[in-house]
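Here is a short briefing on one protein chain. Please look over the sequence and the model before reading on.

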Amino acid sequence: MSSVKGKTTKKVSLPKRGTPDFQLLILTLLLVGFGLVMVFSTSSSLTLASQKFGNDSLYFVKKQVVFVILGTIVMFTVMNIHYSKFKKWYVPIFILTLILLLVVAFTERINGAKSWLSIGKLGIQPTELAKLSIILYLSALISKKGERLRDLRTGYIPVMVIVGIVAGLIMMQPDLGSCLILVATSGLVIYAGGASMKHILGSIALLVLGVGLVMGAKTAIDSLSPPTSENIAANDYRKDRISAFLDPAQDASDSGYNILQSLIALGEGGTTGSGFGQSVQKLHYLPYPYTDFIFAIIGEELGFVGTSIFLLLYLYFIWRGILIALRCTDPFGTLVGIGVMGLIAIQAFVNIGGVTKTIPLTGVTLPFISYGGSSLLVSMLCMGIMLSISRETNRPAKEEVTKSVTTVRGVRAR
């Protein structure tokens, strides 16, 4: 403290990090809470009437509550870790993801795919972690490369190789929906990182060409070799997905059944909905109403008005996150933020688009809303990182400020 001409100067140190974005935190908790309520609404009638679930109306809700608690702990813990730490941790996280994706390839098929790892009574999906892992890896790699990313040989191709490896492992399960989401999110991060548009367009063309060649080669091999029941089922499944999207009424009792029941649910909702818990389509008409088709039940029970409010809340949540990412002065933080919010937006679009017949049905969860422990845990981990980034963007511009306090010492001396 010093005194100059009757004024006392006092130095006050401010915290090195700012406060988390309050709006993003509240929006996240609101979405998680709404998801928990909708899981109860969509599953309680089914589990109450089924001995498989112990005739317990809260069967799925209890399990989801456990993941909500764990996810909340993870979110608040990560929120207090500086996001730049993930720039050092991205390699071990990425290696762990690759190991899990390789291990899951040797597990038993569940619903036609090898996507789950069982740990006791819990099942985890490595694919969910892979989505975040690729965001961290690409963000760290691109922020280090800088302008070199625009160089095809030394910058762009190594980045795309990483994306191709992860996407290939996911397609081995197979999980087309998650693979498309991962590739689209990766493309968004790469574009935001400053990659050349002609390189990106070239990659898309090569991807389409590669898929065409692989499918053509597989068709040729299948035609030369004796047909197996597994190959026939896989080919029929792909054809059914396409025909169900183009004209679900053509096979209303089989391939087009799910999408038709989803559209019926949305139509029955009308303007104001049938009321919370009053859905009819969730009663053994619509399969898995608490996961893939939860948006259809939201439309049926809350109607156009309730669904519109929900979508507006979701859009504001995504916009808020993107705004935080763009305000970050660190390229790594910006890319991670754009990747995380892009991931949530793309996955929500794929889920809602499939349920409403906007795009072909792929079967992915609606982030924060659908039942699913792996999806919820990773989503809340993502929001912990976003809140950590927001603490940096809200950091005071100066580490120290000077406060001047006028004293009356000089006045009294007169």
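In which helix does V74 lie? V74 lies in helix α2, which spans residues 59-79. The model is predicted. The chain has 13 helices and 5 strands.

**Overall picture**

- Of the chain's 414 residues, 42% count as buried.
- The chain exposes about 21500 Å². Carbon and sulfur atoms supply 66% of that area.
- Among contacts with a separation of 6 or more, 74% come from residues 24 or more positions apart.

**Helix α12 against α4**

- Helix α4 covers residues 126-145. The axes of α4 and α12 are 8 Å apart, at an angle of about 25 degrees.
- Angles under 35 degrees count as roughly parallel, so α4 is roughly parallel to α12.
- From α4, the contact takes in E128, L129, L132 and L136. From α12, the partners are S374, S375, V378, L381, C382 and I385.
- The residues of this contact between α4 and α12 divide into 7 nonpolar, 2 polar and 1 charged.

**Helix α12 against α1**

- Helix α1 covers residues 22-48. The axes of α1 and α12 are 11 Å apart, and the angle is about 170 degrees.
- Angles over 145 degrees count as roughly antiparallel, so α1 runs roughly antiparallel to α12.
- On the α1 side, L24, L25, T28 and V32 take part. They meet L376, M380, M383, M386 and L387 in α12.
- By class, the contact of α1 with α12 has 8 nonpolar residues, 1 polar residue and no charged residues.

**Aromatic pairs**

- The structure holds 14 aromatic pairs.
- Y290 and Y371 form one of them, with an edge-to-face geometry.
- Which parts of the chain does the pair of Y290 and Y371 tie together? Y290 sits in the loop between α9 (257-269) and α10 (294-327). Y371 sits in the loop between α11 (331-355) and α12 (373-393). The pair therefore ties together parts that are 81 residues apart in sequence.
- Are Y290 and Y371 buried or exposed? Both are buried.
- F295 and F310 also pair, with ring centres 6.4 Å apart. Their planes are at 40 degrees, so this pair is tilted.
- F295 and F310 are both buried.
- Ring pairs link F295 and F310 with F34, Y314, F317 and F368 into a cluster.

- V74 of helix α2 has a relative accessible area of 28%.
- How far apart are the C-alpha atoms of V74 and M383? They are separated by 9.5 Å. Along the chain, V74 and M383 are 309 residues apart.
- M383 is also one of the α12 residues that meet α1.
- L188 is found in helix α6, residues 176-192. L188 is partly exposed, with a relative accessible area of 31%.
- Leaving out residues up to four places away in sequence, L188 touches I338 and G342.
- L188 and G342 are 154 residues apart in sequence. In space, their C-alpha atoms are 7.3 Å apart.

Conventions: Residues are numbered from 1 along each chain as its sequence is written. This is a predicted model: local features need pLDDT of at least 70, side-chain atom pairs count only at pLDDT 80 or more; totals for chains, interfaces and linings use all residues. Side-chain values use heavy atoms; hydrogens and water are left out. Rings of Phe, Tyr and Trp (its six-membered ring) pair if their centres lie within 6.5 Å; planes under 30 degrees apart count as stacked, over 60 as edge-to-face and the rest as tilted. Helices (H or I, at least four residues) and strands (E, at least two) are DSSP runs, numbered from the N terminus. Buried means under 20% relative accessible area, exposed over 50%, partly exposed in between (1.4 Å probe, protein chains only). Axes are lines fitted to C-alpha atoms, for helices over the stretch in contact, and angles run from 0 to 180 degrees between N-to-C directions. Angles under 35 degrees count as roughly parallel, over 145 as roughly antiparallel, 65 to 115 as roughly perpendicular and the rest as oblique. Contact means heavy atoms within 4.5 Å. Ala, Val, Leu, Ile, Met, Phe, Trp, Tyr, Cys and Pro count as nonpolar, Asp, Glu, Lys and Arg as charged, and the others, Gly among them, as polar. Accessible areas come from the Shrake-Rupley method with a 1.4 Å probe; for residues, only the protein chains shown count as cover.
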